[in-house]
Amino acid sequence: MKDSGWEKKIWDKRIQDALKRETQTVGTDPMEKERIRRAVLRNCKEEKSMKKNWRKVVCAVAVMCALCAGGVFAGGKITGLVGGSSPVNDVLVYDQMPKEMKKLGYEAKMTETFSNGYTFKNAQVITVKGMDDDGNTVATYPELKAQYEKEGEASLSYTVCKPLENVYEGEKLDLDGLNAYYKVDHYRFVPVDYEISEEEKALMDSGELYISYGSEKVEDKTVKFFSWEENGIRYGFMTMDETRMEAADFMQMAREVIAEK
């Protein structure tokens, strides 16, 4: 399936959030935040000079108090996504989630535990901003981000949002009459001064590798995505470490979410 720039921006933001999730919250001067935000967008814009490779490059940067990064991929007005979260705003008790989910502005589904052992850890509703090349906000939307844990398994991210565009990526699956999509990607997280080799460029061209700038060292991770849409709402799972989870496992978890009232 042809790569969708918008879908890549959404997934890349979630990958960056998963990477920086444990960042400790500290105070940062508002002007410094703005300078960093604009630098991120400018840096991402410059990455597009890689021409045919730029769809395979993720721009990621850690800000002291929150996620402040966005991938730049498709042409058009929105060229990056900025979403901010802080552990101090996490909902840690599942019984408090109905109140938190009201921030979405629409009815959505989630569950506390899954039959395979994954259990709710934390969640919060954040505001995601769609930015143009100059760092101006041109669209916003709320998104639910939740983390689930299971002993001996990778942490699992669960997200809920209303898509701004109906575009999808991955292998199309039938989820009991709903369309679902499953995708497995190889991501290499690298420092900001990392130089991409010719071999890596070839892998990027073939869709076998995505490069993400902003980590302290070179790390390779397998990222698995599973998403589906019900009543105009997009739901998704993501893991980014070694996991035994496969498409059928995500499918069963999705069925359990769909069964929620």
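User: Helices (H or I, at least four residues) and strands (E, at least two residues) are DSSP runs, numbered from the N terminus. Between which strand and which helix does the loop with Asp90 lie?

Analyst: This is a predicted model, in which local features need pLDDT of at least 70 and side-chain atom pairs count only at pLDDT 80 or more, whereas totals for chains, interfaces and linings use all residues. Residues are numbered from 1 along each chain as its sequence is written, and side-chain values use heavy atoms, with hydrogens and water left out. The loop that holds Asp90 lies between strand E2 (80-83) and helix H3 (97-101).

User: With which side chain does the side chain of Asp90 make a polar contact?

Analyst: Asp90 has a relative accessible area of 16% and therefore counts as buried, a class that means under 20%, with exposed over 50% and partly exposed in between (1.4 Å probe, protein chains only). A polar contact is a pair of N or O atoms within 3.5 Å; within protein, one must be able to donate a hydrogen and the other to accept it, and residues adjacent in sequence count only if both atoms are side-chain atoms. At 2.8 Å, the partner of the Asp90 side chain is that of Gln124.

User: Which residue in E7 is the bridge partner of Leu173?

Analyst: Two strands pair if DSSP finds at least two bridges between them. Strand E6 (residues 171-175) and strand E7 (residues 178-190) are antiparallel partners over five bridges. Leu173 has as its bridge partner in E7 the residue Ala180.

User: How many bridges join E9 to strand E10?

Analyst: Strand E9 (residues 219-230) is mostly covered, with nine of its twelve residues buried. E9 is joined to E7 in the antiparallel sense by ten bridges, and Lys183 has Phe225 as its partner in E9. E9 also runs antiparallel to E10 (residues 233-239), where Glu229 stands opposite Arg234. The bridges that join E9 to E10 number seven.

User: In which helix does Arg255, the partner of Asp176, lie?

Analyst: A salt bridge is a side-chain nitrogen of Lys or Arg within 4 Å of a carboxyl oxygen of Asp or Glu. Asp176 and Arg255 form one, with their closest N and O atoms 2.7 Å apart. Asp176 counts as exposed because its relative accessibility is 55%, whereas Arg255, at 33%, is partly exposed. The two residues are 79 apart in the chain, Asp176 in the loop between E6 and E7 and Arg255 in helix H5.

User: Which residues are linked with Arg188 in a network of salt bridges?

Analyst: Arg188 and Glu200 meet in a salt bridge of 2.8 Å, N to O. Arg188 lies in strand E7 and Glu200 in helix H4 (residues 198-205), so the pair ties together parts twelve residues apart in sequence. Arg188 is buried at 17% relative accessibility, and Glu200 is buried at 4%. The residues linked with Arg188 in the network are Glu200 and Asp220.
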